Amino acid sequence: MIFDPILELFRGRAITIPPMDGAFRPNAVLDETPVLAELPQADNLCALGDRLLASSGTALIEIRADAAPETVQSFASPITALAAAPDCTLTIALEDGTLSENGTPVSLPKGVTCITALAYGPDGALWLANGSDRHPVSGWVADLMEKNADGSVWRRAPGAGFKVMAKKLAWPFGLLPDAKGCLVSESWRHQLVRVEGSTVKPVLRHLPGYPARLAASADGGAWLAIFAPRNRLIEMVLQETHYRFDMMASVPRDYWIAPAFASGESFLEPLQCGGIRTMGVHKAWSPSRSCGLVVRLAPDMTPTFSLHSRANGKRHGTCSVIEHQGRAVIAARGGNCILTAEDRT
Amino acid sequence: MTFREQLQAWRYNLVPDHVIGEILTKRWTDNAIPFLALVIVVASFGSAIPGFFKLYSLQESTRQLGEFSLVVTGLTVVMLGGGIDLAVGSIFALSAFSAVSMVFIFEQPVWLAFAASMATGATFGAINGYLIGFLRLRAFITTLVTFIIGRALYDILVVNFGSKIQMSMASSDTWDFIGDGTILGLSVPVLSALVLAIVTHIALTRSRPGWHVLAVGGSRRSAHNAGIKVRQTVFMTYVFSGLCAAAAGFLIATRLSGAGPGTGHGLEILALTAAVVGGNSLGGGRGSVVKGIMGAIIVMVMTNGLIRLGYGTGTNQMVLGILLAVAVTIDIRWLKNRHKVLNEVYVAPVYLRMGEAPSAVPGSGTPYALNSELSGATHIGLGEVEGPEDVILDRDDHLYCGTRHGEIVRFFAPDYTRSEVFAHIGGFPLGLAFDRDGNLLTCVGAMGLYQIAPDRTVTQLSAETRRSFTSIVDDARLRDPNDLDIAPDGKVYFTDSTKRYDAHEWTLDSIENRATGRLLVFDPSDGSTKTLLDGYRYTNGVTMAHDNKSLFFCESWACRIHRYWLEGPKAGTAECVIRDMPGYPDNINRASDGTYWMAWLGMRTPSFDLSLRHPAMRKRMARRLPQDDWLFPNINTGGVVKFNDKGEILHTMGDLTGLAHPMVTSMREHKGELFIGGILNNRIGRYKIDGADTGWTSNDSYWGASK
């Protein structure tokens, strides 16, 4: 309507978010799918040959179909990213900003202290995502609420040193390299970008959540894990400078109006009107700070279908998904578990 | 407190933003735009035309305006009834001709001329009314046809008899007086327009036929279903319009003492423009005589003003057309969006800095520390009962609760598996109490204070109190009566939580946080209701102290418990006994050991407490986000808290699993057990209290051991 721009001066513009529709049409697959392993803080998955490894806090865990998860190695600091090269080199990044390759420390360029994702390209190059210049990985929520865009993506060609490929990214959180470049999920901007040479080009925009790790699928497409949904209230708080900074200064971080890996665990967390439990029912479609969402992307990067754990579900905070032995394996960080889902394509 | 925060506090606590929303709820705000247009038009033409406000000039233009207003008033009534009358111009002309011919050709007295005019109008009106009302033809086409036929008839008559009229020598003083004279400085057309406007206004707003017209215009089908004679009502509106046009025609006949080919030409468009510009809806049912008159003045001043400024007929018509288009657009947009505007501006948050609360986190070591004791409660009526805000037991141990369907449900002792609807009231029954004679009294949200006798007869005890002087929306009516208790002398003390929101929107009041809660008393001896205290942030639970010398009531959004003294040196005053709790208190009831139970409907969260210090943020939130996304206090976790007369907290119970009793709004101790209700829950909890007196009931505590 023609009067709207004038009226918006008085009433403010409505805040909208992309709908969960089309390929994002909700279901409850993640809550129904079988649990492969209960694992606290299950985060990054990687396949080392036939072995399936997962990070869980400070521990590196091997997941086996027929036996209990087994701790492979423990570290002094929480693991933030894992990657395995085709030659079975295992690279591990820690919260304290160190990176090791098969146990050998790797020297990092200055400023790389927040490693959120690692991946080996088909050419053997190691790609590295540095979430932010200002915060460690555990400070991700502060990085979002400060509206930073200080992340970078680095590449180390075989036998060479790290070279920056892209800068000023808003929390790069997932990497999927191919022969020519790398697909990067840029979490705070809700988009996937393609880093190729020195150009950064958006590939998939307006995601309905905060994208995390990416993984290749056998048919040339990809899997994308989304760890939290977009939420109108959070988007509004991001525009409310005074409230946001007061909140960051005075409210404990777990109780911020911000995305989370899991929510509803404490009565001190914020509650939105739609989330009120009425007649014993917590509405699945109510606004939430966390969710579980895994998206399947076709080779041309259009979403084809998705697996959900909605507001009333428990398997939230899906940070990582990989295809392993013909099925998708999903780590739900908020749900403290690792799930498997049959390929539905 | 920073300077910015102080400024916010002043801005949002001293400027009464809520007034805007309350004014917008008034129907008369529909008049605002036409009134503004009226002021602008009169002011601009008044300043552009020299001598516009001179007495003679006004006298002449008001005569014309009076006649025109008569026509517009008639047309307004037709439009309110959902129709349209294009024939007013030709009726006007024919009536003028009737009057003139009666006096100048037949040389009859003036009253007969008037009667002839009115008969002409009534006839044409009746033809329109019959065709549209009874034969149900389209109003637009039908009146267009009568307009054309009437106009043709008039033209024929004027051609054949015009010269005869001009040559006539007949004269009458009465006739001249009506045309030229004044009474108390007012001309006859102005006087008659005023009288007609007042009578029509009163008829439309305060009489049965007037209401019928509005009802038919609002919705024909609903009016029919309500038993209104739709066809007859429509018929009468056209007859009325015909009579109004006829009266105007008579007046112009006396003023001009003749009838020419131009009489009444284009009048229907002028009148239609006036009615619509005034703000009468073309769709019917919405509008008023005052609007019609405003529109008439706007149109008259504009057309006359443009002519006097030297613009021709073309310009005049153009301006009228644009005016009509703008008015129709605004009418439709406003009608469609008014409730949206109201929604967006109604919530007007205030600034509040909540005090630091002791922690309620399990293991924090404070008396408020929550636990999951209540998750061990067994359930009653799971899935059968919806929204038992309060629960109570009678002397036979039967259990009563209100539901969101407006019913009082009774569960039968001893196992409470069977239930029946004890009484249907409507509204949302909230607080419950038994009086000395076993009557069940309840505060019904959105309705008032009601009594249900043991034989199930429902009686309204109170629905209003005295209106406060500064109120814009009538605050005499009780919007959200919430909880009550009964003193030994039979007086009922009860709370009305908010003046700003209806009972079902009670949670929105927490966003606004304006202090409008009241404590009231109903005196059964004379049936009066008095306001004892006003200006609390959501007054909620009420209970008489064990010694009946004072009562406790809570202020939910401020997380406080107050004591109101009924006797002693502090009688009539309230003091705060418990402040800065970590939860939002709801109902309060007596416990068997001389202490009190208090329900917590929800818990404070740091993010919401902070938002209370950012009223501007909450205001934008209410405007920019759909309601489902608004930040609320955490009302998914509640509890039951025990406190004593001194305000000391003794014990806290909760259900941190959130599965059985996420929100607790009431609890009632009875024979060693606690019965737990929740306004958004689907069950009543039954919890065994360790070490409680298994013989104690609240009925005995209030009214003595059973007979």
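Two strands are said to pair if DSSP finds at least two bridges between them, and helices (H or I, at least four residues) and strands (E, at least two) are themselves DSSP runs, numbered from the N terminus. The structure described here is a predicted model, in which local features need pLDDT of at least 70, side-chain atom pairs count only at pLDDT 80 or more, and totals for chains, interfaces and linings use all residues. Residues are numbered from 1 along each chain as its sequence is written, while chains are lettered from A and ligands numbered from 1 in the order in which they are written.

Strand E20 (271-272) of chain A pairs with strand E22 (residues 631-632) of chain B in the antiparallel sense, over two bridges. Within this pairing, Leu271(A) stands opposite Phe632(B). The contact as a whole draws 33 residues from chain A and 32 residues from chain B, two residues being in contact if their C-beta atoms, placed from the backbone, lie within 7 Å. On the side of chain A that touches chain B, helix H4 (232-239), helix H5 (241-250) and strand E20 each supply at least two residues. H5(A) gives the most, with five residues.

Elsewhere in chain A, strand E4 (residues 59-64) and E5(A) pair in the antiparallel sense over five bridges, and a hairpin of two residues joins them. Here Glu62(A) stands opposite Glu70(A). Of the eight residues of strand E5 (residues 67-74), the number buried (20 or more other C-beta atoms within 10 Å of a residue's own, with C-beta atoms placed from the backbone) is zero, so E5(A) lies largely in the open.

Note on methods. A residue is buried if 20 or more other C-beta atoms lie within 10 Å of its own, exposed if 12 or fewer, and partly exposed in between; C-beta atoms are placed from the backbone.
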